[in-house]
Amino acid sequence: MNKLRYLMVLCLLSLSTTAAAKVESYLVDQKSGLIMAPGWELVNKQCNACHTTLIIPQNRGNKEDWRATLEWMVDSQGLWDLSDTWEPVLDYLSTNYNQQKIDLTTFRRLPIAVDDMPPEAK
């Protein structure tokens with residue numbers, strides 16, 4: 001009976017590991033630099049209209065962080081209202097470019113703390 005339980009647990013663990021690996025197995029588009037997960041084409045078209053999408057992987061954040069960034073772009077940088085594409089864009093960005101530990105082998109320094117930003121950037 002213990003062997004059967006062990007095999008069942010082992011099977012469940014392997015299935016969950018396979019599912020987790022599948023989520024992270026999206027390719028990266030060589031031209032845009034974006035992860036080719038659902039919604040990437042929309043983000044590519046929206047963001048690439050004003051700046052290179054290669055800047056997106058350099059930024060990370062949860063849904064509220066990305067919302068604040070996009071609202072800043074609307075308020076001060078001339079970004080149009082995203083209307084019904086707000087949620088799909090935020091879902092893509094927060095899912096694929098969420099907060100994570102910074103790899104200092106890729107980046108040369110930690111991001112500037114919000115308190116150290118110029119007043120107009122806060």
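Thr-85 touches Leu-42 and Gln-46, leaving aside residues up to four places away in sequence; to touch, or to be in contact, is to have heavy atoms within 4.5 Å. Thr-85 lies in the loop between H3 and H4, where H marks a helix, a DSSP run of H or I with at least four residues, numbered from the N terminus. Because its relative accessibility is 15%, Thr-85 counts as buried. Buried means under 20% relative accessible area, with a 1.4 Å probe and protein chains only.

The model is predicted: local features need pLDDT of at least 70, side-chain atom pairs count only at pLDDT 80 or more, and totals for chains, interfaces and linings use all residues. Residues are numbered from 1 along each chain as its sequence is written, and side-chain values use heavy atoms, with hydrogens and water left out.

The protein has 4 helices and 0 strands, and its elements run α-α-α-α from the N terminus on. Of its 122 residues, 23% are buried.

Thr-53 is buried, with a relative accessible area of 2%. Not counting residues up to four places away in sequence, Thr-53 touches Ser-32, Leu-34, Asn-44, Cys-47 and Asn-48. Thr-53 and Ser-32 are 21 residues apart in sequence, yet 5.5 Å apart in space, C-alpha to C-alpha.

How are two packed helices described? The description uses the angle between their axes and the distance between the axes. For helix H3 (residues 63–76) and helix H4 (residues 86–96), the axes come within 9 Å and cross at roughly 125 degrees. Axes are lines fitted to C-alpha atoms, for helices over the stretch in contact, and angles run from 0 to 180 degrees between N-to-C directions. H3 and H4 are therefore oblique to each other, since angles under 35 degrees count as roughly parallel, over 145 as roughly antiparallel, 65 to 115 as roughly perpendicular and the rest as oblique.

On the side of H3, the contact is made by Lys-63, Trp-66, Arg-67, Leu-70, Glu-71 and Val-74. H4 contributes Trp-86, Glu-87, Val-89, Leu-90, Asp-91, Leu-93 and Ser-94.

Which residues of H4 are buried? They are Trp-86, Val-89, Leu-90, Tyr-92, Leu-93, Ser-94 and Asn-96. Their cover includes helix H2 (40–48) and H3.

Methods:
Helix = DSSP H or I, 4+ residues; strand = E, 2+ residues; numbered from the N terminus. Buried < 20%, exposed > 50% of the residue type's maximum accessible area, 1.4 Å probe, protein only.
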